[in-house]
Amino acid sequence: MNPLQQIEQEVLAEGREWTRRRLEEQLQQQADAMPAVCPISGEALRDTRWRDFELNTVAGTITIRARYGYSRAQKRWVFPVRAAWGLESYQRLSPELQQRLCYTATEVSSYERAAAMARCWGSPVSDDRIHAHVRRQGTAATKLSLPAEKPPPAEPEFCMVIMMDGWMARERGPDWGADEKTPDAQRAVWHEIKSAVIYRLDKRAEKQSGRGLLLQKHVVACPPETEPVDFGAAVQAEAMRRGLGRAKTVYVVIDGAVWLWNVAQDRFATAVKTLDFQHASEHLRAVGQALHGEGSEAARAWEQKHLHDLRHGKEARVVSRLEEILKDGKKRSKKTVAVIEREVSYLSGHREHMHYAAMEKAGAPLGSGAMESQNSQWQRRFKTCGQFWRRRGLAPLLALSVLFQNRDQSHLWN
């Protein structure tokens, strides 16, 4: 071993042992001072005695000697000091260690890697144990009632942006264990996870390259098969926590999925709604290719002209031109006519959602890039190669991921 590395490891071990002893001393002092009464009723415990219990902490394993007795109110034996520290029956991990392990599990690609990370910082815990704590704490996270943010005394005017979308996660199907000979076996199923990003325009900045950067954002993600109406309620609730009712203007930026527009109209009827520019461009490009042939110079020229006009405040003119195409009387194949009719109908229906020049002037986003970026982050954890979820494993981990990203974990480990 490198001599410098060896010395560094030895000194770190000395410091860790000092920290472990210091923590054990302080907790033992609290245990010694804790009266032998029921934490629920306040009545004196019966048949009290002193017992030892171990607690795994970030600093290492400590042993505490504390009073233990029978509670008539709870009809069971209890450690008053464990109740005072918020420890569940038989809980061996300290809240700080538990929180760190759960956070690590949301950031790395597997529980095995989370366990490997824990070993690196000196807290050897099995992947099964981390998994069990994630399920327990993630289930508790879904039941939390989170408080609203307290606005500053003199809060300046601000605008809020809400983006919504969905991404797919793979779960084990009803025939997960079937062999290759089983006909029509459904071994895996794909389900959409509806998600959202919420941020204030004053929390957005730009890098030197000109690329956008969010200084603060909040997210929503609902487990598979969540109904759109329930997802909309969850997004609205999170937006209210973050100041929706105080926002000067609310911008909703989404793609063309019908369920998203239904949610936007149901929950954010007065918001300024924008069709993601990239999504609008794809529909406009489809018209150009249908008119002039896919990949042709004429199609590229048509697309560039109309995309430029769409981007720079001439969206009404673009829609008018598209509608004129349907009436020009030129002979086209049935397939071409069907494509043009479909795309023109779509873009005409969104004529009030494509004011991109006005959005840029207001400093609002033209597309849902922040949402796409967030979805990519989640997919790196929930959609890796060979990953097939069970619902009882996916939902708690997703809830914890949202909790940590929103910096709300203190409400769970309070």
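Predicted model: local features only at pLDDT ≥ 70, side-chain atom pairs only at ≥ 80, totals over all residues.
User: OK, so is tyrosine 90 buried or exposed?

Analyst: With a relative accessible area of 78%, tyrosine 90 is exposed. Tyrosine 90 sits in the loop between helix H2 (80–84) and H3.

User: How do I read backbone angles, and what is phi of tyrosine 90 near?

Analyst: The general idea first: most residues other than glycine have a negative phi. Here, tyrosine 90 has a positive phi, near 70 degrees, and is not a glycine. Glutamate 225 is another residue other than glycine with a positive phi, near 70 degrees. Its place is the loop between strand E8 (218–221) and helix H6 (228–241). Glutamate 225 has a relative accessible area of 52%, so it counts as exposed.

User: On to helix packing. At what angle do helix H4 and helix H5 pack?

Analyst: In general, two packed helices are described by the angle between their axes and the distance between the axes. For helix H4 (residues 111–120) and helix H5 (residues 127–141), the angle is about 110 degrees and the axes are 8 Å apart. That makes the two helices, H4 and H5, roughly perpendicular. On the H4 side the contact uses Tyr111, Glu112, Ala114 and Ala115, while H5 brings Asp127, Ile130, His131 and Val134. Sorted by type, the residues of the H4 contact with H5 are 5 nonpolar, 1 polar and 2 charged.

User: And H3 against H5: at what angle do their axes cross?

Analyst: Roughly 95 degrees, with the axes of H3 and H5 coming within 9 Å. H3 is therefore roughly perpendicular to H5. In this contact, Gln98, Leu101, Cys102 and Ala105 of H3 meet Ile130, His133, Val134 and Gln137 of H5.

User: How far apart are the axes of helix H3 and helix H14?

Analyst: The axes of helix H3 (residues 95–107) and helix H14 (residues 391–405) are 9 Å apart, at an angle of about 105 degrees. So H3 and H14 are roughly perpendicular to each other. From H3 come Gln99, Cys102, Tyr103, Ala105 and Thr106, and from H14 come Leu397, Leu400, Ser401 and Phe404. By type, that contact of H3 with H14 has 6 nonpolar, 3 polar and no charged residues.

User: Which residues does arginine 100 touch, leaving out those up to four places away in sequence?

Analyst: Arginine 100 touches Val58 and Trp121 on that count. This arginine 100 belongs to helix H3 and, at 38% relative accessibility, counts as partly exposed.

User: Last topic, aromatic rings. How many aromatic pairs does a search of the whole structure find?

Analyst: It finds 12 aromatic pairs. One of them joins tryptophan 176 and phenylalanine 388, whose ring centres are 4.9 Å apart and whose planes are at 45 degrees, so the pair is tilted. Tryptophan 176 is in the loop between strand E4 (159–172) and strand E5 (188–200), and phenylalanine 388 is in the loop between helix H13 (369–382) and H14, so the pair ties together parts 212 residues apart in sequence. Tryptophan 176 is partly exposed at 34%, and phenylalanine 388 is partly exposed at 27%.

User: And how are phenylalanine 231 and tryptophan 259 arranged?

Analyst: Phenylalanine 231 and tryptophan 259 are edge-to-face, 5.8 Å centre to centre with 70 degrees between the planes. Phenylalanine 231 lies in helix H6 and tryptophan 259 in helix H7 (residues 258–267), so this pair ties together parts 28 residues apart in sequence. Both phenylalanine 231 and tryptophan 259 are buried.

User: Which residues do ring pairs link into a cluster?

Analyst: The cluster consists of Phe53, Tyr68, Tyr70, Trp77 and Phe79, linked by ring pairs.

Definitions and conventions. Residues numbered from 1 in each chain as written. Heavy atoms only, no water. Axes fitted to C-alpha atoms, helices over the stretch in contact; angles between N-to-C directions. Helix = DSSP H or I, 4+ residues; strand = E, 2+ residues; numbered from the N terminus. Parallel < 35°, antiparallel > 145°, perpendicular 65-115°, else oblique. Contact = heavy atoms within 4.5 Å. Nonpolar A, V, L, I, M, F, W, Y, C, P; charged D, E, K, R; others polar. Buried < 20%, exposed > 50% of the residue type's maximum accessible area, 1.4 Å probe, protein only. Phe/Tyr/Trp six-rings, centres within 6.5 Å; stacked < 30°, edge-to-face > 60°.
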